[in-house]
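Biologist: I would like a close look at one part of this model, taken slowly and with the terms spelled out.

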Amino acid sequence: MSFPWIRTAAAAAVVALIATGCDGSADTTAETPATTSAKAPASTPVKPPAGLESQPVRTIMKKTRLASLAASNLRMRGTIDDTSGPMTFDITWAKGGGQGNFTVAGVPYSVRAIGKTVCFQLSEAAIRAEAKAGKSSAAETAQMLRLLKNKWIKLSKVDKDTQEMVDLVTPGRFFKTVFGADDTDTAAAPRKAAPRMVDGVRCVGLTEDGASMWIDATTAQMIRMTDGKNRFHFSDYGKVPAPKAPAKSQVLDGKAMGL
């Protein structure tokens, strides 16, 4: 199994840690706490497991799967070492919708998905990059900026690259991809790492070949996934508000623009 939006085999190995698992050496790399994450209470009826540190690996895998699939209203941020350059993202999920800010090859974009409506926003840098790629004149570039800057484009169709971002901001889709099927009874299990503080939360780790998952030892909620330069941080469980649709005055009809 792999994330469809991650193009590197190394990043896909993060998913394989839980989805398929295999024996390997425990990760001993020290984790540096992030400054913007904090432990938050659960927002779901999943019963917090007592002493997750003392549980066997398969039990940890099962509880993490259940807690992740039940999670709502949370934040995911991180970096993917994409073939075209690092892609950073800061995404919030809530019931009914999600939104994310992305930087792809140094160019920022924003995506907001509420129900079946998807809106896409180009930063000024993105508009200028599009203009340059299309060999637009200075006058044409200025016109594009007047039309698109600080506006949201309501998409009538989604291409492959944009679909990757839409999938990431759609609530529930990320964890359903990670934990698609409950094969934790039959899959080879990763190694369990000693408990440690990760992003300010006491966690137990599952590691394999340098990839790692760090799980809240109290709630079984995911806190961090890493594999090489690919990093996913999860925080603010139960605290993220539902996204609001952009004001009508800020929305452009993508269909009229061929988008």
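Biologist: Which residues does C119 touch, not counting residues up to four places away in sequence?

Modeller: This is a predicted model, in which local features need pLDDT of at least 70 and side-chain atom pairs count only at pLDDT 80 or more, while totals for chains, interfaces and linings use all residues. Residues are numbered from 1 along each chain as its sequence is written, and side-chain values use heavy atoms, with hydrogens and water left out.

With residues up to four places away in sequence set aside, C119 touches S110, V111, R112, W152, I153, K154 and P246, a contact being heavy atoms within 4.5 Å. C119 lies in strand β5, where strands (E, at least two residues) are DSSP runs numbered from the N terminus. C119 counts as buried because its relative accessibility is 6%, buried meaning under 20% relative accessible area with a 1.4 Å probe and protein chains only. Strand β5, residues 117–122, is mostly covered, with five of its six residues buried.

Turning to the neighbouring strands, β5 runs antiparallel to β4, residues 107–114, and six bridges join them; two strands pair if DSSP finds at least two bridges between them. Within this pairing, Y109 has L122 of β5 as its bridge partner, and in the hairpin of β4 and β5, which has two residues between the strands, G115 takes a positive phi near 60°. Strand β6, residues 152–154, is also antiparallel to β5 and is joined to β5 by two bridges, with I153 of β6 as the bridge partner of F120. Finally, C119 and S156 are 37 residues apart in sequence, yet their C-alpha atoms are 9.3 Å apart in space.

Note on methods: Buried means under 20% relative accessible area, exposed over 50%, partly exposed in between (1.4 Å probe, protein chains only). Helices (H or I, at least four residues) and strands (E, at least two) are DSSP runs, numbered from the N terminus.
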